[in-house]
Amino acid sequence: MIESFVTHTLNGLYYGFILFMIAAGLTIIFGVLGILNLAHGELYALGAFLVFSVVGFATGLVASPTGTVSAIVFGIVVLAASLAAAAILLPVGAVVESVFVRPIYERDEVYQLLLTYALLLIFIDVMKFGWGQTPVDPGVYGTLNRIPTTELVGFGYPSYNVIVMLVGLAVFGWLVWFFDRSKTGRIVRATAINRDMATAIGVSTDRTFTLVFAMGAFFAGFGGAMVSIGPGTAFLEMGLDPLVLSFVIIVIGGLGSLKGAFVGALIVGVISRWAIWLYPPVELAAPFAVMLIILLFKPEGLYGTWGEIE
Amino acid sequence: MLEARNLRKEFGELRATDDVSLAFGETPGEMVFIVGPNGAGKTTLVNLLTGLFEPDRGSVVVHTEENGTTVEEDITGMAPEDRVEAGLVRSFQIVHVFEEMTVRENVRTAALSRYDKTLSMRTLDDGHAEVEGDVDDLLARFRLEDIADEVAETLPHGDRKLLDVAMAFALDPRYLLLDEPTSGVATREKEYVIETIVEASDAEEVTTVTIEHDMDLVKNYADRLVVLHEGRVFREGDPDLLENDPELRQVLLGVDE
Amino acid sequence: MSRIPFVEERNGESIVRVPLTRGLGLTPVQAVLVLVGIVLLFGLPFFSGLVGLSWERLFRGILFGIAAVGLNLLLRHTELVSFGHAAFFGSGAYGVAVLAAHYDVSEGLLLLLGAVLIGTLVAIIIGYFVAGYVDIYFALLTLAFNQVMFATVFRSGFFNYNDGLQVRIGGDRPSLFGLEWTTLGYNLVLYYTTIVLLLVMLLGMWKLINSPFGRALDAIGQDRTRARFIGIPVERYVWISFTISGLYGAFAGGVYALLRLHVQPEPTLYVFVSGEILFMAILGGFTTLVGPLIGGIVLVYLLEAARFWVTYYHALTGLVLLAIVFFMPKGIVGSLPSIGAALAHRRHDPGLVREDIRGIAAAMRRAVDRAITTVRIIVFGVN
Amino acid sequence: MASELTMMSDSTAESESGGMERRTVLKAVGGSAIAVALAGCGELLEDEEDPLEEAEVPDEPIEAGLQTFLEGAPAVLGVQAEYGAETAVRRINENDGIAGRQIDLTVVEEGEEALENYQEFVEAGMDVTFGPISSGNHEAMVPEVNDQGVINVATDGTVTTLYEEDHPPEDNQYSFRFQNHDVMEALAAAVEATELLGADEIETYAGINPGYAFGFDEQELFSAGIEQLADAELVYEGFPDLGTDDMSTHIEEVNSAEPDVLFSSAWGGDATLLLEQGHGAGMFDNIELLVGPVLYGSANDLSEALVDGPIRSGSRNFYWDQPSVDRWDPGRELFEEVQEEYDVVPTAHFMSGYGAVTAWATAAEKAVRILGGWPEQEQLADILVNHGFYTPAGYHTMGPDHQGYSNAHFGELTWSDDLDAAILEDVNVYDPKNVSPPQGQTSRDWIADWD
């Protein structure tokens with residue numbers, strides 16, 4: 001029972017970290033640009049497909065692991081490949097922002113919804129063109145699990161899940177550092193809080209917005225990559241559910257709040273896994289029920305905003 | 001009579017309103033001005049009276065004459081829209097008008113509400129004769145007829161301010177609370193705005209409580225004056241109390257103008 | 001000028017009075033368009049085939065369009081974006097299905113009435129919870145309610161999971177007006193009943209948005225605080241408009257169930273259906289009354305039929321939507337006046353067309369330039 | 001439970017000897033050139049005059065529509081069905097079509113709009129339609145098919161109650177289903193488990209099935225079967241969402257319940273996810289056996305590590321190496337053709353498409369032969385009832401209930417280095433009559449009545 005509880009909680013945290021990585025990009029973009037990017041899930045899916053190609057290439061360069069050391073080397077190669085795949089999303093995101101999104105900032109917000117929905121549809125077919133109709137799987141999950149982690153403390157838990165949690169923590173840490181400490185991050189926050197002021201002190205809002213959108217795309221893609229190298233596959237409609245769940249998370253957390261997205265993701269992850277464990281039929285509804293409860297009792301979400309977003 | 005009893009409101013550390021007790025409209029139709037430096041709690045007081053915020057302590061009470069006896073009603077906690085029903089109406093420092101409507105539609109919307117017609121779905125919005133009569137009167141009184149069909153967001157600031165006040169008048173107020181009706185209005189037009197307000201409230205015997213920074217206007221038009229400082233009532237009385245009061249001068253001049 | 005029935009002079013312009021509306025009017029051009037529209041609607045089953053269109057698909061488009069008209073009451077007037085309108089469409093559809101499958105109600109109009117009641121009840125309940133929220137909170141609360149309903153139906157044996165319920169009573173389709181019909185007859189009777197009700201509902205919506213209540217909703221949308229301070233009970237009015245909005249969706253869903261005779265969760269209740277209803281309103285022109293209806297027809301046609309035309313049919317739909325966003329900035333119907341004016345100009349001065357082409361080419365060049373610059377900055381870190 | 005392979009072993013033997021007469025072949029497979037070609041025995045025929053050439057049939061090609069899942073997660077199954085249907089059509093057309101008529105096959109994404117797709121097909125003047133894959137879609141279509149009167153032969157959509165209860169033959173004229181329905185593979189799974197572990201050894205079982213109608217149906221039927229056969233007790237049942245990206249909660253529950261048998265009708269990405277996460281969480285140390293009716297549907301996505309463990313998978317009415325392609329030419333030729341044309345291992349869903357087309361095509365040819373002209377939909381529908389035909393998977397019948405009946409296959413999921421793909425070994429073949437109820441009885445009643 002206790003061990004089950006621990007495992008279920010770990011599973012929830014693992015799932016939460018996955019959700020966080022997807023939602024992080026959405027919350028950054030929404031927080032700074034004020035845009036609800038419906039194509040976000042497709043950027044996530046694109047990352048999942050890209051990592052299939054990149055990992056396939058990269059792992060071809062190293063021998064199939066035989067021992068612990070070579071398994072760790074393999075793991076590092078896979079993570080590097082995931083980063084590389086996500087990096088491809090940087091220019092993709094930047095182009096999407098500068099070409100399509102930028103011309104309509106001034107228009108009624110609802111056109112942003114229509115535009116990003118159009119992009120969602122187009123992205124699906126871009127992936128269909130690039131990787132075919134059927135799912136693809138980099139097939140490295142089993143090998144990643146050969147890296148020893150929990151066994152070292154006498155507990156059996158898939159190493160991949162542990163890796164995801166560590167990576168998710170690192171992503172969160174980096175984002176906090178970026179927005180709190182780095183110069184660029186502070187400029188981004190200043191722009192989010194007051195566009196006019198930022199322009200007045202010589203910040204190019206165009207550049208900032210492009211950068212933020214590219215970053216958002218990067219993290220979506222990285223999230224997709226982390227899922228794809230796991231037990232799941234990359235398939236065309238994979239972006240839809242995470243998109244909807246990401247909405248849930250950024251609202252639970254508090255709009256535009258990175259900390260909120262983090263806590264919100266872990267809450268949704270853990271509570272939904274507990275819920276399935278205790279009462280399996282609720283699986284599909286769990287995240288939304290959590291959202292309803294939190295919003296009805298705490299409408300502004302768990303955390304306030306770090307930028308003033310209208 | 002509208003009465004504030006020991007009102008207190010805190011925002012975190014800041015005590016914006018502190019034990020304020022005031023009465024407005026003991027003389028029906030009086031023109032009260034509230035002055036004080038920025039941060040004195042003027043707007044907070046209006047917000048507490050009109051129900052935008054609820055006080056942490058104290059109450060808001062309305063006294064009504066009914067069949068010769070005075071009935072006291074505690075309206076603390078009442079929703080703003082219900083206070084409007086009780087005759088408590090306000091305008092805003094930052095103009096709040098319906099930006100995509102024309103001037104006439106703005107005033108009409110308020111007038112419809114006054115006549116409890118806003119739930120009507122069967123007529124057209126201009127289908128109520130008594131409402132249209134009021135709207136025409138108000139547009140004339142506030143000299144907005146010429147721009148009646150202009151969309152609000154396209155108007156110059158002064159006109160928007162007037163419209164904001166006109167909408168308040170359209171609600172047939174007994175107590176009208178105006179939060180800086182002349183802010184942002186060119187100096188030479190301020191008098192015109194206040195003049196219009198005074199005329200309108202005199203005609204309807206409306207008790208008017210106005211937040212104002214321009215001391216000349218205050219001196220010229222006030223029946224009574226309330227000075228707020230650091231959330232408390234600092235002085236209260238005739239406009240003459242502005243004269244020969246060094247302490248008050250420092251409080252008021254230490255800030256603006 | 002001799003008097004033409006229904007035409008009067010107002011402020012120096014001819015206005016066509018509309019029966020039953022007590023004072024609403026159309027410009028002559030609008031009146032002609034409306035008449036053409038009505039003729040098209042009534043003739044649809046007969047000539048859509050001639051131009052290669054499927055009228056049953058257009059019918060479905062109209063149904064989703066009706067839901068979008070309902071949604072637009074919130075979107076255009078109270079300025080609330082609902083991401084959960086499939087909840088009402090789906091309630092209407094499942095209302096019909098449950099009454100037919102579990103309670104053996106066999107008259108279509110009764111089923112429809114039941115559907116509208118059930119869907120409206122759902123709107124009343126959800127509306128109670130969401131009326132106090134604005135912006136994205138409102139959007140996502142509606143989404144969450146919608147998705148909880150979807151999950152419940154999808155996982156419940158009462159609704160036969162995702163396999164859905166037949167709208168047949170002992171294998172037979174419902175009667176309409178107490179009579180049994182052939183397949184074609186049934187569809188035609190259902191269609192014309194719907195069209196008549198649609199016209200009534202459009203007229204009703206038109207009156208509503210021009211009534212004092214409509215003005216109050218506008219006030220709420222444009223400035224909620226001020227609306228409250230002129231004495232409008234904001235939450236209550238949002239709740240009412242939400243309910244009316246849901247009623248339109250429930251009606252549409254009910255007819256959809258009667259037409260399709262089988263109801264499943266994905267095409268009626270899924271949150272992306274909510275999204276589609278919203279996009280229909282926007283692409284058709286949410287600043288107009290009939291725009292959402294046109295948007296419904298266009299989007300449903302694309303979503304259903306494009307797969308028969310090209311392999312990359314998602315992209316085709318996406319490109320059409322992109323074109324609407326950039327070239328019809330107020331949606332299809334909303335942009336008609338400016339497009340009409342522009343075309344008239346060009347008839348006078350064909351040289352303008354060359355300028356248009358040049359303009360579009362320049363815009364595309366600029367877009368490509370932006371793309372290249374951006375990629376250069378991102379990839380090489382130089383400007 | 002004995003394999004019922006007599007029919008096929010006979011013909012195999014004859015083809016190996018090469019001495020099969022045209023007449024014998026024709027007789028064996030139903031008496032026509034197309035039937036022979038679709039059975040995979042085309043090369044045995046020499047050109048001879050065919051009485052069909054004198055039949056009065058229209059000149060224009062047959063317009064046929066197929067709807068299936070062409071993209072996304074369910075495309076794992078859907079594309080196989082597409083390949084299967086295309087292969088059957090190719091073979092028909094290469095053999096001069098049906099009574100001289102070529103088939104023109106239009107393939108479209110099924111999506112959630114199967115009913116609308118079918119209507120579009122009918123409006124476009126299709127002579128016959130095939131598909132869909134989804135059971136909900138199939139359910140939606142059946143009444144419409146009967147209203148429109150254009151025959152649809154469903155490739156899948158295998159929920160058992162569909163033809164048993166919801167649309168009994170008296171209400172259903174034009175809608176048929178080729179692939180075996182759920183009870184046949186769920187029961188085969190129960191029998192497999194019992195045979196392998198022994199009824200006495202199975203005390204507990206658990207299920208992880210996709211959380212939608214198909215998964216619920218399969219779990220219920222398997223439960224009924226295993227409780228009858230082994231008196232086993234259900235210790236856990238979980239229904240992860242279809243297309244989920246995480247089943248770890250369910251796997252952990254199975255780990256702590258330690259059932260003897262785990263049943264899972266997960267397919268496509270769900271099947272690989274179950275195996276991946278199952279291995280990752282040590283699930284195979286906690287169960288004696290995993291039986292999954294459609295795990296092999298993901299054959300082309302499985303890796304060597306994944307198929308490691310006590311796993312037996314079904315393969316519905318077709319496993320490509322049964323009978324062994326070494327001995328069975330039609331099977332070998334089909335396998336080679338699929339490898340060459342599509343570079344995949346054909347799975348049961350390939351046969352869903354292939355067999356649906358074959359059922360209709362052979363019936364159509366039979367009808368022309370009988371009628372001397374092209375049949376009306378009604379006549380063709382009559383002939384399809386009780387129609388028997390061959391594919392390389394053996395003999396199939398279309399029952400009076402409009403349900404196809406074919407052998408069900410189950411085998412040990414394992415890895416072939418030669419093929420570099422997952423295969424089934426030690427395949428058991430189940431006669432349909434042993435795993436499905438007699439006509440007129442529902443599966444649930446039938447199983448409940450077992451002694």
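Author: Let's start with a term: two residues are in contact if their C-beta atoms, placed from the backbone, lie within 7 Å. This is a predicted model, where local features need pLDDT of at least 70 and side-chain atom pairs pLDDT 80 or more, while totals for chains, interfaces and linings use all residues. Residues are numbered from 1 along each chain as its sequence is written, with chains lettered from A and ligands numbered from 1 in the order written.

Reader: Among contacts in chain A between residues at least 6 apart in sequence, what share joins residues at least 24 apart?

Author: Chain A has 12 helices and 0 strands (DSSP runs of H or I, at least four residues, and of E, at least two, numbered from the N terminus). Of its contacts between residues at least 6 apart, the share joining residues at least 24 apart is 78%.

Reader: What radius of gyration does chain A have?

Author: The C-alpha trace spans about 60 × 45 × 40 Å along its principal axes. A compact globule of 310 residues would come near 19 Å (over C-alpha atoms, 2.2 Å times the number of residues to the power 0.38). Chain A agrees with that, at 19 Å.

Reader: Which helix of chain C gives the most to the side that touches chain A?

Author: Here 41 residues of chain C are in contact with 41 residues of chain A. On the chain C side, α5 (135-154), α11 (271-285), α13 (313-327) and α15 (351-380) each supply at least two residues. The top contributor, with 12 residues, is α5(C).
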